[in-house]
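Me: I would like to learn how to read the fold and the helix packing of a protein model, taking one feature at a time. Could you take me through it?

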Amino acid sequence: MPHDWILRCVSIYKISPILTQFLTTSMGKRKKTLTLNHTDWTLQPRQININSGIFQGDSLSPLLFCIALTPLSSLLNSKYGYTTGSSTINHLFLMDDLKTYVKNDQEQTGLLTIVKGYSDDIKMEFGLDKCTKATF
């Protein structure tokens with residue numbers, strides 16, 4: 001999840017400016033140094049800034065992830081899916097797992113086009129190549 005998208009969503013949903021500043025500062029400090037050890041020498045290049053990903057094990061991370069995917073959920077709420085009474089269902093999220101429910105392959109293609117567009121827009125790869133599909 002790109003940090004700039006997380007911060008944009010925090011802004012969209014008007015999260016506290018104090019928390020927003022904390023997130024901006026802490027995300028800006030994420031760096032990694034890769035070291036290559038050989039028997040005769042060690043190569044340690046400059047630090048690399050980490051510009052995407054959430055903090056594993058941090059209690060805020062699941063919430064930030066959900067906040068950053070809420071716009072996708074809104075986009076997916078479309079004419080596709082199954083209607084029961086006054087509600088239509090076409091997708092469910094469980095953290096980083098997205099399940100779509102539609103009536104036919106054409107609707108499935110429509111939802112996947114939305115997911116692909118969102119993925120491209122926020123510069124986050126969703127791994128659509130790992131998708132499986134079952135049509136009943």
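**Reading the fold and a helix pair**

Reply: The secondary structure of the protein comes to 4 helices and 8 strands, where helices (H or I, at least four residues) and strands (E, at least two) are DSSP runs numbered from the N terminus. This is a predicted model, in which local features need pLDDT of at least 70 and side-chain atom pairs count only at pLDDT 80 or more, while totals for chains, interfaces and linings use all residues. Residues are numbered from 1 along each chain as its sequence is written, and side-chain values use heavy atoms, with hydrogens and water left out.

Me: Which pattern does the protein follow along the sequence?

Reply: Read along the sequence, the pattern is α-α-β-β-β-β-α-β-β-β-β-α.

Me: How is a pair of packed helices described?

Reply: Two packed helices are described by the angle between their axes and the distance between the axes. Here helix α1 (residues 3–12) and helix α2 (residues 17–28) pack at an angle of about 175°, with their axes 10 Å apart; axes are lines fitted to C-alpha atoms, for helices over the stretch in contact, and angles run from 0 to 180 degrees between N-to-C directions. That angle makes α1 roughly antiparallel to α2, a label for angles over 145 degrees, whereas under 35 counts as roughly parallel, 65 to 115 as roughly perpendicular and the rest as oblique.

Me: Which residues of α1 and α2 meet?

Reply: From α1, His3, Ile6, Leu7 and Val10 meet Thr20, Leu23, Thr24 and Met27 of α2, contact meaning heavy atoms within 4.5 Å.
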